[in-house]
Amino acid sequence: MRIGYLLHSLVPGPTTNTEQAVNALAALAGQDGLAVDLCVPSSPGPRADGHSREKAIERHYGLPGGTFGPALRLREMPLPAWATGRLRGLLFDMHAAPWARLEHYDALYARDPVTLVGALTTGLPVIFETYRTDINRSRRWWPFRRMAYGADNLAGIIVHSRVARQAFLDAGVDAAHVLLAYNSFTRPSDGPTPSRPAAREALRLSADRPIVCYAGGVGPHKGTDVLASLARLVPEALFMIVGAAPGAVPPPAESSENLLWLPRVAPAALAAYLAAADVLILPPTARHLVASGRTVLPIKIFAYLAAGRPIIAPDLPDIGEVLSMDNAVIVPPDDLPTAAAALRRVLADPHLAERLSAAALQTADTFTWQARASLVAAFLRQRLSA
């Protein structure tokens, strides 16, 4: 059975959806005889380093060489060279369905609502994967829900959290059609994670000052402005935010002496930044879940756990599915004084930090891409045969 996985983002690329898709497919391909084509927009030009696009993807995401092969193929949908940015994604969404129909797939796999609508027009069985809740709770998405969820060829839905699954059930989707499959993390393929001193030396960071690290999207919608405010309450620590867009300059309100803004790095390089930190943090705000519903149970949590560092996170339903007071420090959302006190407590108590680190690593071992792939493969077989 060959499945066409339609992804309108440029790969390799800086967005989290590409990281999740590539890692999930690398584990899924070959399960129970499944073969997958990763269908993406054509590359805007030749690679300067001389590597094939498949090799570039493997290197960027830290996958072992030879990940691509008969069970996992890269297929590029031709697009004009002038199509860049959002226009590239829009053109892909418009033309992916008829293009995929000619490829004679047994089923299609979509992870964007617009791509899903196009895929459903082919008549082929379609699997939809998403982390979002807003599409099930916002009134403006009602026409999409009515059309997509009522389609006979929507074979199944895969979500990344219980919160997202419940949103589909509340929207009237049959529970048997919705699979909960948590994400995971990728261990670097080039050797063990460096120690904290080695990581700091390699990254030219202070050897003495405590470092609090956040790695992920940057902007008010991600809560990094809240981290800037928290940094002013804990001036003794250096707050390292890894994920700024190239050339981006933080607004004056989010600048301070102990706030270090760093650009996005490839997933394969992220482990060193996490290893250099004393504490890893999720912005202590409910904004991402309550206001937007577009960042539910962020994948960075799994990378944080695998880094074996103490984690501070807000008390929210999605985060609580993975983090608890057993393996992290949970603080009330949007209560900066309490968050600052909790951070100081972890930095001042090495025994607490050691216990949290060990618990984080133990939790990380329960989430693997291979275990997820086995779950997804069984679901695909069951839903597509139905």
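S43 is partly exposed, as its relative accessibility is 30%; buried denotes under 20% relative accessible area, exposed over 50%, and partly exposed the range in between, with a 1.4 Å probe and protein chains only. The structure is a predicted model, in which local features need pLDDT of at least 70 and side-chain atom pairs count only at pLDDT 80 or more, whereas totals for chains, interfaces and linings use all residues. Residues are numbered from 1 along each chain as its sequence is written, and side-chain values use heavy atoms, with hydrogens and water left out.

The loop between β2 (35-41) and α2 (53-61) holds S43. Helices (H or I, at least four residues) and strands (E, at least two) are DSSP runs numbered from the N terminus. When neighbours within four places in sequence are set aside, S43 is in contact (heavy atoms within 4.5 Å) with L10, R53 and E76.

Strands count as paired if DSSP finds at least two bridges between them. Strand β1 (residues 2-6) runs parallel to β4 and is joined to it by four bridges, with L6 having A110 as its bridge partner. Three bridges in the parallel sense link β4 to strand β5 (residues 126-130); here A110 stands opposite F128.

Five bridges in the parallel sense connect strand β9 (residues 238-244) with β10, and V242 is placed opposite L262 of β10.

Axes are lines fitted to C-alpha atoms, for helices over the stretch in contact, and angles run from 0 to 180 degrees between N-to-C directions.

The axes of α9 and α13 come within 10 Å and cross at roughly 60°. The two helices α9 and α13 are therefore oblique to each other, given that angles under 35 degrees count as roughly parallel, over 145 as roughly antiparallel, 65 to 115 as roughly perpendicular and the rest as oblique. The crossing of α9 and α13 is right-handed, that is, the near helix is turned clockwise from the far one by less than a right angle. V226, S229, L230 and L233 of α9 make the contact with L336, P337, A339, A340 and R344 of α13.

Helix α12 (residues 300-307) is mostly covered, seven of its eight residues being buried: K300, I301, F302, Y304, L305, A306 and A307. The elements covering these buried residues include β8 (211-215), α10 (267-275), β11 (279-281), β12 (311-314) and α14 (350-364). Just after α12, G308 adopts a positive phi of about 65°.

Zero disulfides, defined as pairs of cysteine sulfur atoms within 2.5 Å, are found in a search of the whole structure. C39 is buried, because its relative accessible area is 0%. C213 likewise counts as buried, at 0% relative accessibility.
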